[in-house]
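Here are my notes on the model you sent for comment. Please read them with the structure open beside you.

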Amino acid sequence: MHESRRLLDALEVGGELIAGKSHTMRADGRDFHGFSLMIHALSGAASLRLQNAGLGNQRKRGCGLFIPHKSVVQVGER
């Protein structure tokens, strides 16, 4: 969470971080471990900045991508 906050601060993205379930994926013969992350209470500009930039160093593998939701309830429905 501290690293996520540091990366968000570098993008000038505020919001409240909410950690989700852990996930593991295998790529290039290695296991990558991470967590889903929801960021609540973003401004429209900050949300677009985050969606454009992503977060972390595994974005090319499909990690660190953010999808907009209007409420926490929608996330639980997936």
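Predicted model: local features only at pLDDT ≥ 70, side-chain atom pairs only at ≥ 80, totals over all residues.

1. Residues are numbered from 1 along each chain as its sequence is written, and side-chain values use heavy atoms, with hydrogens and water left out.

2. Side chains of opposite charge can pair when their charged atoms come close. The structure holds 4 salt bridges, a salt bridge being a side-chain nitrogen of Lys or Arg within 4 Å of a carboxyl oxygen of Asp or Glu.

3. E3 and R6 lie 3 residues apart in helix 1, so about one helical turn separates them; helices (H or I, at least four residues) and strands (E, at least two) are DSSP runs, numbered from the N terminus. E3 is partly exposed because its relative accessibility is 43%, and R6 is likewise partly exposed, at 47%. The cut-offs are under 20% relative accessible area for buried and over 50% for exposed, with partly exposed in between (1.4 Å probe, protein chains only).

4. A further salt bridge joins the side chains of R26 and D31, with an N to O distance of 2.8 Å. R26 has a relative accessible area of 58% and is therefore exposed, whereas D31, at 43%, is partly exposed.

5. Which parts of the chain does the pair D28 and R61 link? The closest N and O atoms of this salt bridge are 2.3 Å apart, and the pair links distant parts of the chain, 33 residues apart, with D28 in the loop between strand 1 and strand 2 (30-40) and R61 in the loop between helix 2 (44-53) and helix 3 (72-76). D28 counts as exposed, at 66% relative accessibility, while R61 counts as partly exposed, at 32%.

6. S4 belongs to helix 1, which covers residues 2-10, and it is buried because its relative accessible area is 18%. Beyond residues up to four places away in sequence, S4 touches L17, L37 and L55, where contact means heavy atoms within 4.5 Å.

7. S22 sits in strand 1 (residues 16-27). Its contacts, leaving aside neighbours within four places in sequence, are G34 and F35; the C-alpha atoms of S22 and G34 are separated by 5.7 Å, although the two residues are 12 residues apart along the chain.
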